Amino acid sequence: MSFMIESSVLDKLKPAIHELIELLKKAIDSKQPLLLRHHADADGYTAGIALERALLPLIAGKHRRERDAFYYYQRLPSLTPYYSYEDATKDIQTFLRNAGQFEMKAPLILLLDFGSGHESLPAIQKVKIYGAHVAVVDHHPPDDHITQATSVHINPHLVGSTYDYSAGMLCAEIAHLIVAENKDKELPDQHFYFIAAVSGTADKVASDEYKKYMTMSSHHGFSKELILKVAQALDYEAHVLGPTSGRELAQDLLGKDEKRQHKLLALIEKQLERFFAAQLISCLHYADIDEKKHFLFVKVPIEQLTARNSYPPRGRSIGLVQQHFVDKGKKALVVGVGQTSFNFRCNPEIKNFDVNEFIAISRKKLPHAQVSGGGHRVAGSVTFISAASKEMLDALEEYVDELENYMGKH
């Protein structure tokens, strides 16, 4: 078996990936239920759908009726960017009920596009108390305790990589290996390279690996324009679907039914153009733009510009502003400022900026602010109590001034 592309990151992750595949095979053979939990965004959905396409036929093959597979398989998005204690509690209630009614085993829970951070640890520990096994496929900065608490932990950071892979790209490769190992099942081509390309596009991955998936997709007739449209549409539908799986809809957007796919994309594209244009105008109008010597520091009063459950949400809105300045050839650190949160989007060229570093500094400096959050180096969010909002804003200003001084010296 070989991966779809050559990658030193995948080579280093290969032992953990094969360990996960063996764990999945063992679960399916023993009729242990599988629960896929993924973040409710485009990367999370691509991760979940890729594995769903590979695993569901194998699960169905173990049962007399195909529909019985869904007693042993479930995929659920999580609105929080970590495995929350609340979601874990709901999952426990479900599988304890199934154990009582149908004598089913505790599940193997796969956490996709989240689960590596310390925020997920209490939830993982709780489901394990009730007999569940947990595996994580993620690409966010990991906490050492997660590896100790899980059966398998797949994360590029654990092998010295950073942002070469998104979760959907990793899961597409894992799904490809599962299908390749089961050629006798006559599984159709699931276009995992296309799913990987959509995932990387949605998560703004810029690695050589991402470019290889884009090239593969192009060779198979999937244009860059189509991939971008699918990535944007999937992010929007993930927002609309909330905590529901949207199984057929998400599958159709990723090409299961091409006629529906193109109709959906045409419909969604018109809505997104309108939403994005209106939101960008509002954000730029109310933004506080501080022209530093080496970059723009842009503060957007995002809480006043987004209604509850509206689209685009805060992070996506801040991303629009940051992309606006990128398109103008300017480096920008854009922050959506709320009463209890900051949302960050930053040019990678501002090398000393790190969301997770700012969180660590804030926790140490303001222990009473109840700071939490995370993300990638240049994109993420921070939450805190409203009483600390001025202190947090002062800490942010100080951190940005230090960035400016650092760039001036280097």
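Leu96, Ile129 and Tyr130 together form a nonpolar patch on the surface of this predicted model, with about 320 Å² of accessible area between them. Such patches are made of residues with over 30% relative accessible area and no salt bridge, nonpolar side chains (Val, Leu, Ile, Met, Phe, Trp, Tyr) being joined within 5 Å and like charges within 9 Å; the areas come from the Shrake-Rupley method with a 1.4 Å probe, and for residues only the protein chains shown count as cover. Tyr130 is placed in the loop between α4 (121-129) and β4 (133-137), helices (H or I, at least four residues) and strands (E, at least two) being DSSP runs numbered from the N terminus. With a relative accessible area of 41%, Tyr130 is partly exposed, a class that lies between buried (under 20%) and exposed (over 50%), with a 1.4 Å probe and protein chains only.

Residues are numbered from 1 along each chain as its sequence is written, and side-chain values use heavy atoms, with hydrogens and water left out. In this predicted model, local features need pLDDT of at least 70 and side-chain atom pairs count only at pLDDT 80 or more, whereas totals for chains, interfaces and linings use all residues.

The structure holds 20 salt bridges, each defined as a side-chain nitrogen of Lys or Arg within 4 Å of a carboxyl oxygen of Asp or Glu. One of them joins the side chains of Glu225 and Lys229 at 3.6 Å, N to O; these residues are 4 apart in helix α9 (residues 224-241) and are therefore separated by about one helical turn. Glu225 is exposed, with a relative accessible area of 54%, while Lys229, at 27%, is partly exposed.

Arg260 takes part in a salt bridge with Asp252, where the closest N and O atoms are 3.2 Å apart, and in another with Asp257, where the corresponding distance is 4.0 Å. Of these residues, Asp252 counts as buried at 5% relative accessibility, whereas Arg260 is partly exposed at 46% and Asp257 is partly exposed at 28%. Salt bridges that share partners also join Glu22, Lys25 and Glu181 into one network.

The second largest pocket has a volume of about 400 Å³. On a 1 Å grid over the protein atoms alone, a pocket is an open set of points with protein on both sides within 12 Å along at least five of seven lines, a cavity is a set where a 1.4 Å probe fits but cannot get out, and lining residues have an atom within 4 Å of a point. Grid points are joined across faces, edges and corners, and a volume is the space filled by probe spheres set on the points. The lining of this pocket comprises 24 residues, of which Leu35, Gln74, Leu76, Asp91 and Thr94 lie nearest its centre. The largest share of the lining, 7 residues, comes from α3, and β1 (34-39), β2 (73-78) and α3 (85-102) each supply at least two residues. By type, the lining divides into 15 nonpolar, 4 polar and 5 charged residues, where Ala, Val, Leu, Ile, Met, Phe, Trp, Tyr, Cys and Pro count as nonpolar, Asp, Glu, Lys and Arg as charged, and the others, Gly among them, as polar.

The count of cavities of 30 Å³ or more comes to 2. The largest cavity holds about 40 Å³ of space, and its lining includes Ala27, Ile28, Lys31 and Tyr72. The second largest cavity holds about 30 Å³, and α1 gives the most to its lining, with 4 residues.
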